[in-house]
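This report goes through selected features of one protein chain. The sequence and the structure are shown below.

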Amino acid sequence: MWTLKVVPLLVLAHMCSAAPTPIRPHILFIMGDDIGYQDVGFRGSYIPTPNMDRLANSGVILDFHYVMPRCSPTRSAFLTGRNSIRTGTWFGNLKPGQVGGLDLDARTVADMLNDHQYKNHLVGKWHLGMASPDYTPVSRGFHTFLGMFLGSGDYYKHKNGKAFDFRLNYRQENGTIVDKMLTSYVAVHSTEIYTNRTIDLMEQHVDRYGTGSEEPLFIFLSYQAPHGPYQVPDRCKENLPEFFHNTSTQTQTYAGMVKCMDEGIGGFIQDS
């Protein structure tokens, strides 16, 4: 059985720096992309999100914790704990081909967790720079990355415009970065890929290290959903509440995207 403990990062930082014998829980941080403030069940939405509701009702809801209005600044703020004006993302979203990214002198939470022997993985959307390997996840504290560098793309074709943007990155023992394009995932919806990748990482970690905290695990699961374009498997639009029967196709698809993401989250908390 996989037991996952999720703790607020600020609490973790305090524990790591102040406790004489720090507890090192496994951490799964899940980020939804462009999900509305009231588009979850515990905020009164008609979209069924029982798993996110369960996490909210058994945890802490940060009523006055705000994200930035754009993708790149939000991600930089989470990863560094710093305002975007201090991380090189104050101007908004990074564009395809843009030079730069998250300031190279900014330490990320993954860098800090490395100091405490964590195994760090990023699954999903990055959107903090790809101008050179130094800006990419495996140079920013993560041991592996599977997902997209850019800010948006087709959920099935995994393309931003004409550019294919779906890859696996990791470092070899000699320090060389492996950049493998994952064309085998074409036609598979990214929410399903990211959910399955996260489950695989958990199972692999347990198989190799056991469930204890001697080798703690950190996964940043950065879902693409429900950011546009609005695409979702038909099954995720099934059994939506009656409220959606007379709504637009786009509204139903968006609701299905949130529902699909919630179903994936259910796979992580069923044994927690």
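## A tryptophan in a loop

Where is the place of W126? In this predicted model, W126 sits in the loop that runs between β2 (119-125) and β3 (144-148). Its relative accessible area is 1%, and because buried means under 20%, W126 counts as buried.

Which residues does W126 touch, not counting those up to four places away in sequence? The list is R75, L79, Y135, T136, P137, R140, F142, F145, M148 and F149. For Y135 there is also a polar approach: its backbone oxygen lies 3.3 Å from a polar atom of the W126 side chain. Q231 is 105 residues from W126 along the chain, and the C-alpha atoms of W126 and Q231 are separated by 20 Å.

## The lysine in strand β2

K125 belongs to strand β2. At a relative accessibility of 0%, K125 is classed as buried. Leaving aside neighbours within four places in sequence, K125 is in contact with D33, C71, R75, M148, L150, G151, S222 and H227.

With D33, the side chain of K125 makes a polar contact at 2.6 Å. The two side chains also meet in a salt bridge, with 2.6 Å from N to O. K125 lies in strand β2 and D33 in the loop between β1 and α2 (50-58), so this pair ties together parts that are 92 residues apart in sequence. D33, like K125, is buried.

## Other salt bridges

How many salt bridges does a search of the whole structure find? The search gives 10. Side chains of opposite charge can pair when their charged atoms come close.

One further pair is R43 and D63, whose side chains meet in a salt bridge of 3.3 Å, N to O. R43 is in the loop between β1 and α2, while D63 is in the loop between α2 and α3 (71-80), so the bridge ties together parts that are 20 residues apart in sequence. R43 has a relative accessible area of 24% and is partly exposed. D63, at 38% relative accessibility, is partly exposed as well.

R167 forms a salt bridge with D165, and the closest N and O atoms are 3.6 Å apart. Are R167 and D165 buried or exposed? Both are buried. Elsewhere, a network of salt bridges links E192, R235, K259 and E263.

## Helix α5

Helix α5 covers residues 190-209, 20 residues in total. From the first C-alpha to the last, α5 reaches 28 Å, close to the 28 Å expected at 1.5 Å a residue. Just after α5, G210 takes a positive phi of about 85 degrees.

Which residues of α5 are buried? They are S190, T191, I193, Y194, T195, R197, T198, L201, M202 and H205. An α-helix has 3.6 residues a turn, so residues three or four places apart point the same way. The cover over the buried residues of α5 includes the strands β1 (27-31), β2, β3, β6 (167-171) and β8 (217-222), together with helix α6 (249-269). Strand β2, which holds K125, is therefore part of what covers α5.

Terms used:
Residues numbered from 1 in each chain as written. Predicted model: local features only at pLDDT ≥ 70, side-chain atom pairs only at ≥ 80, totals over all residues. Heavy atoms only, no water. Helix = DSSP H or I, 4+ residues; strand = E, 2+ residues; numbered from the N terminus. Buried < 20%, exposed > 50% of the residue type's maximum accessible area, 1.4 Å probe, protein only. Contact = heavy atoms within 4.5 Å. Polar contact = N/O pair within 3.5 Å; in protein donor to acceptor, adjacent residues only side chain to side chain. Expected span 1.5 Å × (residues − 1). Salt bridge = Lys/Arg side-chain N within 4 Å of Asp/Glu carboxyl O.
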